[in-house]
Amino acid sequence: MIRALITGGAGFIGSHLAEHLLNAGQHVTVIDDLSTGRFDNIARLEHHPNFRYAIEDIRNIHVIDRLISECDIIYHLAAMVGVQKIINEPINTIEVNVGGTEIILKTARRYRKKVMIASTSEVYGKGVSFPFREDDDSLLGPTVRNRWAYAASKAIDEFLSLAYHKEVDLPVVIFRLFNTVGPRQRGQYGMVVPRFVQWALSGQPIQVYGTGDQSRCFGNIFDVIDAIQKLSEEDSALGQVYNIGSNEEISIIGLAEKVRQRAGSHSEIKLIPYDQAYEPGFEDFQRRVPSLEKVMQIIEWAPSTPLDTTIDQIIQYHQENPKLWQK
């Protein structure tokens with residue numbers, strides 16, 4: 001039986017991955033400090049015979065040492081997430097993302113364990129060549145803009161992970177996620193789809209930041225975790241970086257209209273300037289579109305869930321869990 005450790009395992013992505021691996025017959029341990037994750041996400045797994053958890057910071061080296069020594073593979077998902085949280089907590093963003101990853105890699109080296117490193121499309125920065133390919137150049141904004149701290153910290157994570165692979169042959173795979181969405185994701189940290197759904201269901205104005213012309217591709221959580229697991233089983237993926245997401249592109253204003261339609265809502269769509277939504281001088285990507293050629297060449301996988309279906313899944317989840325968003 002494969003023994004998997006998921007850092008950030010009580011989060012949106014981590015909890016779905018935990019269920020997926022348990023269903024595949026694996027033993028799963030999660031560690032999460034619940035700063036953005038929620039115990040409710042894993043509560044249903046608490047009494048599963050092949051599941052255990054630790055509520056702890058991944059920078060606790062004593063706990064991490066024990067957990068990694070007892071596992072076969074690490075899925076490192078723990079990180080500061082969400083634009084709003086990154087802007088409000090720049091120190092934690094850098095210290096958790098960089099310091100936490102350093103501890104995971106050092107400990108994995110000690111016990112020679114495979115590490116799947118979650119990265120982000122943010123590392124492409126202000127890229128203007130579309131779709132984004134794994135070997136494209138990155139262009140980040142100035143250090144005086146907190147908004148770029150997350151991208152820079154995750155880029156350091158990638159450099160460090162690849163250095164461990166190159167120098168000491170640590171088995172490492174990096175996957176860059178592009179706007180993963182689905183049930184259990186919450187809007188309180190700036191996640192756009194659940195926020196739109198919450199506003200639509202409650203009849204409040206759907207707030208679109210900026211002009212709404214910026215576009216994104218939203219990957220369904222079930223497609224994404226399937227790709228992550230398949231990558232983890234492919235030995236030729238070691239030491240490489242892979243985009244994972246969807247290539248179905250939509251503008252944010254178009255997304256707001258689609259959510260409103262599928263929720264049967266009459267909410268007004270309201271444009272909010274970035275300076276008002278976040279902070280003066282906030283910079284955003286105009287487009288974020290992944291090339292999926294590399295990942296599709298190495299594993300038998302392709303995104304298969306239409307955006308309409310994903311939105312319906314999120315709407316259903318919020319309708320079934322109104323306490324998460326209704327005051």
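A residue counts as buried when its relative accessible area is under 20%. Keep that cut-off in mind while touring this structure, which is a predicted model.

**Stop 1: E122.** Select E122, in the loop between β5 (114–120) and α5 (149–168). Its relative accessible area is 6%, so E122 is buried. To see the rest of the surroundings, leave aside the neighbours within four places in sequence and display L140, R147, Y150, A151, F285 and R288, with which E122 is in contact.

**Stop 2: helix α5.** Two of those contacts, Y150 and A151, are also among the buried residues of α5. Select the whole helix next. Its 20 residues should span 28 Å at 1.5 Å a residue, and the end C-alpha atoms are 28 Å apart, so the two values agree. Colour the buried residues of α5, which include A149, S153, K154, D157, E158, Y164 and H165. What do the buried residues of α5 pack against? Show α3 (83–88), α4 (90–111), β5, β6 (172–177) and β11 (241–244), and the packing partners are in view. Then step past the end of the helix to D169, which follows α5 and has a positive phi, near 60°.

**Stop 3: the nonpolar cores.** Select I6, V28, Y75, F175, L231 and I244. These belong to the largest nonpolar core, which has 36 residues, and they touch the most other members. Centre on Y75. Beyond its neighbours within four places in sequence, Y75 is in contact with residues including A4, L5, I6, L17, L21, M116 and I228.

**Stop 4: a three-stranded sheet.** Select β9, β12 and β14. They form an open sheet in the order β12-β9-β14, with mixed pairing. Which strands are at the edges? They are β12 (249–251) and β14 (287–288), each pairing on one side only. Strand β9 (residues 215–217) pairs with β12 in the antiparallel sense over three bridges. To look at one of the bridges, select C217 and its partner in β12, E249.

Notes:
Residues numbered from 1 in each chain as written. Predicted model: local features only at pLDDT ≥ 70, side-chain atom pairs only at ≥ 80, totals over all residues. Heavy atoms only, no water. Helix = DSSP H or I, 4+ residues; strand = E, 2+ residues; numbered from the N terminus. Buried < 20%, exposed > 50% of the residue type's maximum accessible area, 1.4 Å probe, protein only. Contact = heavy atoms within 4.5 Å. Core = buried A, V, L, I, M, F, W, Y, C linked by side-chain atoms within 4.5 Å. Pairing = 2+ DSSP bridges. Expected span 1.5 Å × (residues − 1).
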